Amino acid sequence: MPVSSASRRLFITTLFRLAAAAALGLGLLAAPAQAKPARQAAAADSAPAFQLPVNARHALVLENGSGKVLMAKDADTQVPIASLTKLMTAMVVLDAKADLKARIRIQREDVDTLKHSPSRVPVGAHMTRGAALQLALMASDNRAAAALARTLPGGPSAFEQAVRAKIRALGLTRTEIAEPTGLSAHNRSTAAEMAKIAAAAARYPQISKLSSDVKEKVLINGRPVEFRNTNRLVGRKGGDIRLSKTGYTEEAGRCLALRLKDKTGRDVTVVLLDADGSAERLADAAKIRKSLERSPKNG
């Protein structure tokens, strides 16, 4: 008697069900269930140590050495970085081995005509290149930073080429630097890549020292003029700041990049981009510092 197509399909379905039941009985289908805890453990190991409601729209807290991400908030979005640019400017100047004792003069072309930012350094003032480097890093002076790029051996075009080469050397793919001060909104990076820039800058003893000075008297026109660090966290109790740079433009918001050793002895990098104001930036940094003290050290 011929077998109908419906009967044939029922017979094949039954065979598959019997085979599956036999496989379960032999434990052949148990592997995916055993792999799940391993995947969960791996996810737990890679998860940030803490999450905070920081005001900054982009943030990264990184444990130096291990590279462990302790906190991240939209850390891969490219945004303006304002005066955090000056860390790159300083590295390029030092890489060029330009004479830091050589005297340079502030010229009209060093004046900010884009944002009209103030400066305590008048046009015509002369100082050493080293003094200009200190003003750019500690006081975030835009005229000093512009003069450093202008007086680099080879001039502004050499500075631009050197910046592009430095970006490539650091393996940065989402960082763009159009000029040395950070006033341009075309100076852009991510929180993750700014952490790499801060790590690279920290390898220069001059940058670490000059950016983390609380205050210093700088010789301008042969007379000492006192300047203070733009980061009010520098010199405060609760953290040994090893490198610091603040930034602000309307497009970038309030920005901060710093490397510090907390009370537990842990070395960390903190990057905050696009906070609403100075108070919010300081509050974010304070939250992060307290969380670091509460969270266990890696390993």
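Which element gives the largest share of the lining of the largest pocket? That share, 4 residues, comes from β9. Helices (H or I, at least four residues) and strands (E, at least two) are DSSP runs here, numbered from the N terminus.

Before we go on, a word on the model. This is a predicted model, so local features need pLDDT of at least 70 and side-chain atom pairs count only at pLDDT 80 or more, while totals for chains, interfaces and linings use all residues. Residues are numbered from 1 along each chain as its sequence is written, and side-chain values use heavy atoms, with hydrogens and water left out.

**Pockets and a cavity**

Picture a 1 Å grid over the protein atoms alone: a cavity is a set of points where a 1.4 Å probe fits but cannot get out, and a pocket is an open set with protein on both sides within 12 Å along at least five of seven lines. Lining residues have an atom within 4 Å of a point. Grid points are joined across faces, edges and corners, and a volume is the space filled by probe spheres set on the points. For the classes below, Ala, Val, Leu, Ile, Met, Phe, Trp, Tyr, Cys and Pro are nonpolar, Asp, Glu, Lys and Arg are charged, and the others, Gly among them, are polar.

| Space | Volume | Lining by class |
|---|---|---|
| Largest pocket | about 550 Å³ | 5 nonpolar, 11 polar, 7 charged residues |
| Second largest pocket | about 360 Å³ | 9 nonpolar, 4 polar, 6 charged residues |
| Largest cavity | about 30 Å³ | 1 nonpolar, 3 polar, 3 charged residues |

The largest pocket has a volume of about 550 Å³. It is lined by 23 residues, and Pro118, Ala139, Ser140, Asn142 and Thr230 sit closest to its centre. At least two lining residues come from each of β8 (223-228), β9 (240-249) and α9 (278-294).

Now for the second largest pocket, with about 360 Å³ of space. Among its 19 lining residues, Glu109, Ala146, Glu179, Pro180 and Thr181 are the closest to the centre. Two or more of the lining residues come from each of α5 (142-150) and α6 (155-169), and α5 has the largest share with 4 residues.

The count of cavities of 30 Å³ or more comes to 1.

**What's inside**

Let's call a residue buried at under 20% relative accessible area, exposed at over 50%, and partly exposed in between (1.4 Å probe, protein chains only). A nonpolar core is then a set of buried Ala, Val, Leu, Ile, Met, Phe, Trp, Tyr and Cys residues joined through side-chain atoms within 4.5 Å. The largest one has 57 residues, and Met127 and Ile207 have the most contacts inside it. Ile207 touches Leu87, Ala90, Met91, Leu94, Leu137, Ala201 and Leu243, leaving aside residues up to four places away in sequence; contact means heavy atoms within 4.5 Å. A second, separate core has 21 residues, including Val61 and Ile288.

Helix α4 (residues 129-138) is mostly covered, with 10 of its 10 residues buried. Leu137 is one of them.

Just after α4, Ser140 takes a positive phi of about 55 degrees. Asp74, in the loop between β2 (69-73) and β3 (79-80), also has a positive phi, near 45 degrees. Asp74 is partly exposed, at 42% relative accessible area. His116 has a positive phi near 55 degrees and lies in the loop between β4 (103-105) and β5 (126-128). His116 counts as exposed, at 59% relative accessibility.
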